[in-house]
Amino acid sequence: MSRKLNRQSFGSPGNAGNLPGRSEVDQLLLDWVPNERLRLHMYQLGGLLRAWAERQNLDEHEVWLWEAAGLLHDADWEQWPDDHCARIIDWGESAGWDPELLHAIASHGPLHFGVEPVNELDHLIYALDELSGFVHAVSLVRPEGYAGMQVKSVKKKLKDKSFAAQVNRAEITDAAERAGHSLDELIRFIIEVQPTVALPGS
Ligand SMILES: [Fe+2]
Ligand SMILES: [Fe+2]
């Protein structure tokens, strides 16, 4: 379903700071990701990373770097699952995107792509990707959605292997450990921020 990228370095150092604009990213996602649920997952991860970066008081350029990494991380998944995430990396390299953005995208699944997260953005994109999808799955089976959702009920669902069985629990634990944040902290953050994120225009 994906393949090892067989390298740890992406893009060209001369392109540092070169990020695609928001409308360019929105358009790319519309073109590449017809599935709204999958597109929402990318906006959710983008929104989470934006909120995390804002809480670190990063400047607006850095905040956008974090958000853009989340928005783009699965852009090629729907159409080219066997080439995920080589396609979006190739696209971004041709477009001259910032190597940090490309490295973050490539780090969102070290067990799949063989790219080790090195900086905080890399670690957080890995830590929040599967977990945010899992929390969203929990919201879909609750009549109240996100309202009143408790960390402990999410953790209980994580232990229930039959719920959202496709979500790899070992990956969630590995990611949180590498990021140096507890599952409680990450889940609490997701419950707080994720309901505020919607697809543009919806
Ligand atoms: Fe992915
Ligand atoms: Fe994802």
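Visitor: In which helix is the place of Leu 45?
Guide: This is a predicted model, in which local features need pLDDT of at least 70, side-chain atom pairs count only at pLDDT 80 or more, and totals for chains, interfaces and linings use all residues. Residues are numbered from 1 along each chain as its sequence is written. Helices are DSSP runs of H or I with at least four residues, numbered from the N terminus. Leu 45 has its place in residues 36-55, helix 2.

Visitor: Is Leu 45 buried or exposed?
Guide: A residue is buried if 20 or more other C-beta atoms, placed from the backbone, lie within 10 Å of its own, exposed if 12 or fewer, and partly exposed in between. Leu 45 has 29 C-beta neighbours inside 10 Å, so Leu 45 counts as buried.

Visitor: How many Å apart in space are Leu 45 and Ser 132, C-alpha to C-alpha?
Guide: Two residues are in contact if their C-beta atoms, placed from the backbone, lie within 7 Å. Leaving aside neighbours within four places in sequence, the contacts of Leu 45 include Leu 128, Asp 129 and Ser 132. Leu 45 and Ser 132 are 87 residues apart in sequence, yet their C-alpha distance is 7.0 Å.

Visitor: Which residues of helix 10 does helix 7 meet?
Guide: Helix 7 (residues 120-140) packs against helix 10 with the axes 10 Å apart. On the helix 7 side the contact has Ala 127, Leu 128, Leu 131, Ser 132 and Val 135; on the helix 10 side it has Leu 186, Ile 187, Ile 190 and Ile 191.

Visitor: Is helix 8 roughly parallel or roughly perpendicular to helix 10?
Guide: Axes are lines fitted to C-alpha atoms, for helices over the stretch in contact, and angles run from 0 to 180 degrees between N-to-C directions. Helix 8 (residues 151-159) and helix 10 (residues 183-193) pack at about 115°, with axes 9 Å apart. Angles under 35 degrees count as roughly parallel, over 145 as roughly antiparallel, 65 to 115 as roughly perpendicular and the rest as oblique. Therefore helix 8 is, relative to helix 10, roughly perpendicular.

Technical notes. Chains lettered and ligands numbered in written order. Helix = DSSP H or I, 4+ residues; strand = E, 2+ residues; numbered from the N terminus.
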